[in-house]
Every structure is written in structure tokens, then in C-alpha cells.
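Thanks for coming. Please have the sequence and the structure open while I talk.

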Amino acid sequence: LALLARQGLTVSGVAGHFSISRPAVSRHLRILAESGLVVVRRQGRQRYCEARLERLDEVSHWVERYRKIWEKRLDRLDEYLIELQEKEEKHGKE
Amino acid sequence: MAKNSLTGERGKQDISITRIFDAPRELVWRAWTEPEHLMRWWGPKGFTTPFCEINLRVGGRYLNCMRSPQGQDYWSTGTYLEIVPLERIVCTDSFADAQGNVVPATYYGMEADIPLQMLVTVTFEDLQGKTRMTLEHAGLPAGPTSEGASAGWNESFDKLAESL
């Protein structure tokens with residue numbers, strides 16, 4: 001994907017960069033195409049692959065949303081744990 | 001080689017947060033596993049948690065309700081896959097309806113790309129009276145149809161739960 005992010009390549013062009021077999025490269029490309037991260041276009045006899053990185057941003061969108069939720073949640077947990085210990089301390093003294 | 005770079009890209013989609021709490025590990029564990037405690041902090045600021053049920057055993061489920069300041073309820077559920085007392089909790093996390101049925105995020109008007117099931121791993125380490133907690137949150141891959149995927153994952157998790 002990082003390779004395709006720089007420039008569009010043919011399937012053989014992609015395969016040339018990896019030590020794995022061409023069918024294996026095709027398989028990886030198919031998975032990327034299914035997830036919408038790569039678009040494969042036929043031009044004559046060649047198949048050109050291009051990265052669609054904006055899809056990756058979409059994927060990260062929910063991740064960022066959850067990161068914020070967890071950060072806020074854990075802030076509250078932090079406060080609650082302090083509160084809880086203060087209470088327990090008071091009870092201990094009484 | 002290509003496979004490594006692929007997992008690298010996917011790794012970016014996971015969340016990992018580490019916090020050190022000024023509280024003993026046993027208390028942090030209880031805050032995560034006992035409803036009366038969890039209800040006090042689960043909702044982010046402004047939110048409340050009016051309902052929380054925890055069946056803390058491998059294969060057991062939880063059901064939480066988070067209420068927004070506007071009064072909108074968000075239910076979530078999941079299954080415990082691994083429980084190591086005071087050390088580690090692994091569970092799934094999904095949106096749910098009030099009956100505990102898994103629903104997609106779109107049920108609550110949220111992005112369709114939020115995975116139907118997510119995996120949450122929480123680990124607790126004792127730091128001489130303080131606690132280091134690490135939270136990992138990752139999306140689980142969906143199959144061709146989300147409903148089929150959900151059934152599939154549930155089945156495999158049930159099996160995993162049985163084998164543990």
C-alpha cells in the first residue's frame with residue numbers, strides 16, 4: 001500500500017517489488033481492492049493499481065472517535081478512584 | 001514482507017492507551033468489574049450509566065446503558081473471552097438494543113464504518129501501590145454480510161469460551 005501510495009503501478013510492477021509469488025501479490029491486491037483501499041483499472045492488457053488512501057482516513061475516523069471516548073472515560077475513572085480512596089480513608093478514621 | 005507491511009497498516013487502526021492510576025490494583029479491578037463502581041465512571045463527563053449488568057465469567061456477557069446529557073440511551077454489550085483476576089480482561093464490545101441484541105452503530109445514527117464487534121483488552125499491573133492499566137481496542141473484521149459475520153464471530157467466541 002505504501003508502494004502504491006507514491007505512484008500507480010501495474011500488477012507485475014507491484015509483484016517486482018516483493019519476493020513473494022505473483023499469485024500471492026494478486027491475492028493481497030484483491031483483499032485491498034475488496035476493502036476499497038486499492039482500485040484496479042484495466043488499460044489494454046495491463047491492470048493498473050492505485051491506492052485510495054482517503055478510505056484509510058475513513059477507517060481511522062471511528063478509531064479517533066473511540067480514542068476520545070476512552071480518554072474521557074479513563075479521566076473519569078481516575079477521578080472516581082481518588083474519590084473512592086478518600087471516602088475509604090474517612091471511613092477508616094471514623 | 002508484503003504481509004508485514006499489511007499488518008502494519010492494520011495496526012494503525014487499533015487503539016492502545018496506557019494510564020497509571022494512583023490506586024491499588026485490587027481497587028482498579030473492582031472499578032472495572034463491579035457494576036456499582038462501573039456505573040460511576042463508565043460514561044464520559046456529562047453522561048450517566050443508568051444500567052449495568054456484568055456476568056464476570058468466560059463466556060458471560062455484560063450489558064451497559066450510557067445516557068447522554070440530552071437523554072439519549074446508548075446500550076452496549078459483549079462477551080468475556082478471557083478473565084485473569086486482577087490482571088487481564090478480554091471481551092468483545094458491540095452496540096446493542098435495550099434487550100442486549102447486537103446492533104450496528106447506524107442504529108444510533110453513527111458511522112457505518114464502526115465495526116459490528118470490537119475487541120477490548122484491559123491489563124492491570126501492580127506498581128507498588130499504583131496501577132498501570134493498558135487498554136487496547138480493535139475492530140474485528142466483518143464478513144461479507146454483517147449479520148453473517150456477527151453470527152460467525154459469536155459462534156467462534158462461544159467455542160473459544162468453551163475451550164478456555
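Between chain A and chain B there are four salt bridges, a salt bridge being a side-chain nitrogen of Lys or Arg within 4 Å of a carboxyl oxygen of Asp or Glu. In one salt bridge, the side chains of R40(B) and E83(A) meet at 2.8 Å, N to O.

Two sentences on sources. This is a predicted model, where local features need pLDDT of at least 70 and side-chain atom pairs count only at pLDDT 80 or more, while totals for chains, interfaces and linings use all residues. Residues are numbered from 1 along each chain as its sequence is written, chains are lettered from A and ligands numbered from 1 in the order in which they are written, and side-chain values use heavy atoms, leaving out hydrogens and water.

How many residues does each chain bring to the contact? Chain A brings 34 residues and chain B brings 45 residues, with contact meaning heavy atoms within 4.5 Å. The area buried between the two chains is about 3700 Å², and carbon and sulfur atoms give 63% of that; buried area is the accessible area (1.4 Å probe) that two parts lose on being put together, summed over both. W62(A), W70(A) and R76(A) supply 21% of the area that chain A buries against chain B, more than any other three residues.

Last, chain B by itself. Its secondary structure comes to four helices and eight strands; these are DSSP runs, helices (H or I) of at least four residues and strands (E) of at least two, numbered from the N terminus. From the N terminus on, the order in chain B is α-β-α-α-β-β-β-β-β-β-β-α.
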